Amino acid sequence: MMANVSAVFGGSRGIGKAVAKLLVQRDHKVAVISRNLDVAKATAEEIGAHLALSCDIAKEQDVQRTFYEITKNLGNVNYLVNAAGINRDGLLLRTKSEDILSQLSTNLIGSMLTCKLALRGMVQQQGGAIVNIGSIVGHKGNAGQSIYSASKEGLVGFSKSLAKEVARKNIRVNVVAPGFIHTDMTSSLEEDSLNQNIPLGRFGEADEVAHAVAFLLNSPYITGHVLMVDGGLQLQI
């Protein structure tokens, strides 16, 4: 039987932190990974995670070093969650080139790199599961978020294709696409006005998304799927 070794990138706050906490409660050996090592350590101590690491997922050498440390301390990663993400909202005409590249590098390319490194161990042990965190914005689009939307919907195409590549190795790849969730990223939004467009009439909570992630990690016959956790927002045309 494989050990439940889980790597949660972006695991120090928001949805990633909620996922890491839930996996710890379910007896996974969890590595919390963040750009800021001090924050990662504080989160790991708070939730009882087994390892805290810093990593800029846009840098391949950082990702390689991170997986080396996880493997050395916990074993091969068999559950990978990519929750790291940034947004630089603004109209495309006013968006700086560096802001375009930083969003694509973190939200899309970074997840590609972590998946590539995680797959090496998963292939060896003939099993594993990956959940990439997308966004309902990628599916619906939103003015002022064209780059963020592209990065998140690109993650869907990547995940579905990867799911086909690795299914024969008993490795599953899925996406959770949250809607408006109470996190630091949504703290500046006008919640009352947005709630009118959400069929369930409220923002979601990070732990509600975490349960969806855990469901997909542990569902042996689901792969290549996009699970929207958005209060019904995808129903609005």
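Helix 6 (residues 146-166) supplies the largest share of the lining of the largest cavity, namely three residues; helices (H or I, at least four residues) and strands (E, at least two) are DSSP runs numbered from the N terminus. This is a predicted model, in which local features need pLDDT of at least 70 and side-chain atom pairs count only at pLDDT 80 or more, while totals for chains, interfaces and linings use all residues. Residues are numbered from 1 along each chain as its sequence is written, and side-chain values use heavy atoms, with hydrogens and water left out.

**Cavity**

- The count comes to one cavity of 30 Å³ or more, where a cavity is a set of points, on a 1 Å grid over the protein atoms alone, at which a 1.4 Å probe fits but cannot get out.
- The largest cavity holds about 40 Å³ of space, a volume being the space filled by probe spheres set on the grid points, which are joined across faces, edges and corners.
- Its lining residues (an atom within 4 Å of a point) include Arg88, Asp89, Gln103 and Tyr148.

**Helix 1**

- Helix 1 (residues 14-25) has twelve residues and reaches 17 Å from its first C-alpha to its last, close to the 16 Å expected when 1.5 Å is multiplied by one less than the number of residues.
- Buried residues in helix 1 include Ile15, Val19 and Leu23, with buried meaning under 20% relative accessible area (1.4 Å probe, protein chains only).
- The buried residues of helix 1 pack against several elements, among them strand 1 (5-9), strand 6 (171-178) and helix 8 (206-217).
- Just after helix 1, aspartate 27 takes a positive phi of about 70 degrees.

**Nonpolar cores**

- Of the 32 residues in the largest nonpolar core, Val19, Val30, Val176, Val213 and Leu217 touch the most other members; such a core is a set of buried Ala, Val, Leu, Ile, Met, Phe, Trp, Tyr and Cys residues joined through side-chain atoms within 4.5 Å.
- Helix 8 gives the most to this core, with eight residues.
- Valine 30, not counting residues up to four places away in sequence, is in contact (heavy atoms within 4.5 Å) with residues including Val8, Ala20, Leu51 and Leu74.
- A second, separate core of 31 residues includes Ile33, Leu53, Leu108 and Ala118.

**Alanine 44**

- Alanine 44 lies in helix 2 and counts as buried because its relative accessibility is 7%.
- Leaving aside neighbours within four places in sequence, alanine 44 is in contact with Val32, Ala49, Leu51 and Ala52.

Notes
Buried < 20%, exposed > 50% of the residue type's maximum accessible area, 1.4 Å probe, protein only. 1 Å grid on protein atoms, 1.4 Å probe; cavity = no way out; pocket = protein on both sides within 12 Å on 5 of 7 lines; lining within 4 Å.
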